[in-house]
Amino acid sequence: MNVKLAAGGFIVVLLMVSLVIRGKRPKTPIWSIMTFTAFIAVASGLVRLDELNSVIDFSVVLFLIGMFSITGLAERSGLLDYMASRFIRLFKTKRSLVVASSLLFGLLSALAVNDTVALMGPPIAYTISKAIGVDSEMMMLLLAFSLTIGSVMTPIGNPQNMLIAVRSGMSAPFVKFVLYLSIPTVFNLLVTPLILMKLFGVRNGRKSEVLLVPEETVKSRRDAALAGIGLAVSVSALVVNDLLQLMGLPYVEERGIIPFVVASAIYVFSENPREVLGKVDWGTIVFFISMFITMEGVWRSGFLNPLLALFVSGKPVDTPLSILSISALSVVGSQLISNVPFTRLMITELHEAGYSGKQDLPWLTLAMSTTIAGNLTILGAASNIIIVEYLESRMGITITFTRFAKIGAIVTLVNIAVYFAFLASLQLIGLVS
């Protein structure tokens with residue numbers, strides 16, 4: 001047996017089993033499991049010690065440190081509570097608030113990158129759960145599902161979409177993503193909260209009137225102003241930078257440094273810089289560093305090669321069945337090595353199989369399915385890990401792997417069905433090729 005192949009398979013199995021048996025109040029955090037699998041990747045020779053510097057994406061690490069700092073300042077100052085209370089007061093019933101929350105999280109992630117929304121969303125989702133009197137688990141799941149769905153419809157919604165937009169050879173990718181993916185995305189953002197309300201037994205009715213007074217939530221006006229400026233500048237700079245890249249103009253290639261630079265500029269002006277840095281979730285940082293090593297090891301092991309050979313036929317997508325084939329492969333593959341590394345691999349495979357930038361459908365299908373794969377399991381998207389680690393480190397609760405998967409399977413099936421029906425219909429009538 002190939003030693004590297006066996007090591008890659010062992011890593012995947014270990015990850016899945018460990019996550020399944022962690023339980024509702026795990027003493028072993030997800031990041032510690034990922035560090036052990038990274039150790040296996042190095043110890044087995046899949047990744048050499050002298051390669052770690054090139055394998056770890058420090059741009060992502062800096063992005064997380066910067067955004068954690070800014071959102072931590074927003075939370076500490078009361079700005080996030082202020083935003084949540086203002087939003088809640090706009091709606092009278094539970095259903096309208098839950099559906100509006102789905103649209104808010106989803107549309108924000110389409111423009112601000114889903115990981116950004118995952119960093120600032122949990123405190124807002126928690127406040128909303130109290131306003132409608134439901135288990136916070138439902139709103140945290142809605143946050144995870146909605147920001148994943150919303151990020152489908154633009155090339156700047158998530159890292160894998162950006163990779164596809166840049167490396168596929170598509171012309172006018174921003175226009176095509178919005179044109180072909182926005183309608184099913186909005187539909188899914190409307191349907192998903194109704195599914196969760198049904199699963200959690202939440203009946204419609206008037207929401208609680210015992211709410212925080214917005215003006216009373218702000219604990220430090222200076223820090224709130226700094227956080228607001230930091231969020232606005234970071235998100236705007238990230239969006240503009242990505243648009244410059246799509247237009248072929250000069251841009252900052254290591255985009256993760258943008259929030260870090262913004263955070264660096266505001267530390268010194270905050271009331272307590274040490275507390276701001278203390279808001280960084282270092283467990284999540286360690287998880288991502290370890291994940292890069294682990295996923296690189298699985299990739300190099302060739303563990304996924306049989307799966308790729310099974311689904312990629314070697315000829316361009318020309319039937320609805322082919323769309324479904326790429327979707328199924330993407331959903332499964334994204335669980336094994338996460339969606340961004342899997343997308344990198346698939347772009348190469350599709351080019352080698354004869355796909356070109358003139359064919360929009362295979363690339364849109366890949367973008368949709370690798371993104372929606374994040375709704376199936378916790379490991380399917382990095383944003384899920386950010387949310388779960390927030391719950392465990394800040395609130396002492398969690399969403400178990402099996403619980404997420406049971407609900408996520410229903411949501412993912414519905415989401416994929418909606419996108420598949422829409423894209424297949426466009427293909428059949430000749431509006432997309």
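Modeller: Phe-68, Thr-71, Gly-72, Glu-75, Leu-80, Leu-119, Lys-279, Tyr-390 and Arg-394 line the largest cavity. Helix 4 (58–77) and helix 20 (382–395) each give two or more residues to this lining. Helix 4 gives the most, with 4 residues. This is a predicted model: local features need pLDDT of at least 70, side-chain atom pairs count only at pLDDT 80 or more, and totals for chains, interfaces and linings use all residues. Residues are numbered from 1 along each chain as its sequence is written, and side-chain values use heavy atoms, without hydrogens and water.

Colleague: What makes a space a cavity?

Modeller: On a 1 Å grid over the protein atoms alone, a 1.4 Å probe fits at its points but cannot get out; lining residues have an atom within 4 Å of a point. The search finds 2 cavities of 30 Å³ or more.

Colleague: How do you know that the span of helix 18 agrees with its 14 residues?

Modeller: The expected span is 1.5 Å times one less than the number of residues. For helix 18 (residues 339–352) that gives 20 Å, and the end C-alpha atoms are 20 Å apart, so the two agree.

Colleague: Which residue just after helix 18 takes a positive phi?

Modeller: Gly-354, at about 105 degrees.

Notes. On a 1 Å grid over the protein atoms alone, a cavity is a set of points where a 1.4 Å probe fits but cannot get out, and a pocket is an open set with protein on both sides within 12 Å along at least five of seven lines; lining residues have an atom within 4 Å of a point. Grid points are joined across faces, edges and corners, and a volume is the space filled by probe spheres set on the points.
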